[in-house]
Amino acid sequence: MAAHLMGFGRYAPERIITNDDWAARVDTSDEWITQRTGIKRRRFADDDESTMTMAVAAAEHALKDADLVAGDIDEIIVATDTPEMMTPDTAALVQHQLGCGNIPTYDLGGSGCAGFVQALDVAKARITVAPKTVLVIGVELISRMISLDDRATAVLFGDAAGAVVAGPSAARAEVLEVISGTDGAHAEILTLAAGGTRNPFNSGSLESGDYNRLVMDGRKVFVEAVRRMSEASVEVLDRIGKTTSDVALVIPHQANKRIIDAVRKQLGLADERVYVNVHEYGNTGSATVPFALSEAVDEGRIGPGDLVLLTAFGAGFHWAAAAIQF
Ligand code: UT7
């Protein structure tokens, strides 16, 4: 049984934070952020929004796009590193809010920005074993989890959600192949430790500021992100007997325009064959790929017959790539 993508959805909060807004808060500038990352603005959730509400908004968009209702969904996977709570998972809250039946749900957490494509790998396997309709969501509400006074990390991120409906119906696009990989030797290079058992949340972490400290060696992450996203792209195409010249559009994880450009060059592709929206939304973690996929479909950047490549990289380090035939 093949796995297909039947609908695409996305959600971004209304509130726009520009680089100049950041320059008014921490020691940074529009020039630095633009040159180093390509980011011009990002969205931050309002107080009445949460990881769950954003995930539900993207899911409803994807369901509408698939011409389905909540009762048609058999399973939900939510990829997020910024869950609504430690327990239970965000997926259970999404299930109830959408009004699905008592279907199984689970979060895929801690994979950073690779989470959605990894979740798609799981969904493909689940559909292949037994035909079912799986809602796969990537969502992050990062602005509420990291220090907004740390210029080295805060300016990079934004809040958003993206979703796909995956299932057996061959109407729109087939998930031909997905690959995932992990190198835990690099786990300490990108961490948000507080709140876990190594560094439980307590008054000490509040005093030290550790409760929201995202620790990242940006240069090492940069180098590995380029290498792993490029290699994963070639590997997934190789598995289906294709090369980059067969690809109509690459949708890479949107962390930094310089990383995207380096991957594009490694793959030998022209500008117009790589989708970029990092200037508008910043790095929205596991939401970047499904968000960009939904946007690219709506903008007409993807049409019938197109082979689309998804590639992502995140904390762990984890990476994943998918080949989608429209
Ligand atoms: O999705 C996975 C999550 N993370 C990533 O993908 C991040 C990957 N890494 C990157 O995107 C880049 O490494 C960064 C954008 C984080 C940094 O760019 P860089 O060219 O690697 O800069 P750098 O780390 O070498 O820092 C250069 C300087 C430092 O000052 P000194 O030590 O040279 O005096 C930083 O303190 O820039 C300084 N700096 C800033 N200056 C102004 C760091 N953040 C800022 C800032 N504004 N916001």
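Predicted model: local features only at pLDDT ≥ 70, side-chain atom pairs only at ≥ 80, totals over all residues.
Residues are numbered from 1 along each chain as its sequence is written, and side-chain values use heavy atoms, without hydrogens and water. Local features need pLDDT of at least 70, side-chain atom pairs count only at pLDDT 80 or more, and totals for chains, interfaces and linings use all residues.

**The sheet.** Select the strands in the order β5-β4-β6-β7-β1-β8-β13-β12-β11. They form an open sheet of 9 strands with mixed pairing. Strands (E, at least two residues) and helices (H or I, at least four) are DSSP runs, numbered from the N terminus. Two strands pair if DSSP finds at least two bridges between them.

**The edges.** Go to β5 (105-108) and β11 (249-252). Each has a single partner strand, so one side of each is left without a neighbour in the sheet.

**Inside the sheet.** Next, select β6 (residues 134-140) and β7 (residues 160-167). They pair in the antiparallel sense over 7 bridges. Find Gly138: Gly162 in β7 stands opposite.

**A helix on the sheet.** Now show α4 (residues 90-98). Helix α4 packs on the sheet and touches β4 (75-79), β5 and β6. Contact means heavy atoms within 4.5 Å.

**Two helices.** Axes are lines fitted to C-alpha atoms, for helices over the stretch in contact, and angles run from 0 to 180 degrees between N-to-C directions. Which residues of α3 meet α4? Select Thr51, Met52, Ala55, Val56, Ala59, Glu60 and Leu63. Facing them in α4 are Thr90, Leu93, Val94, Gln97 and Leu98.
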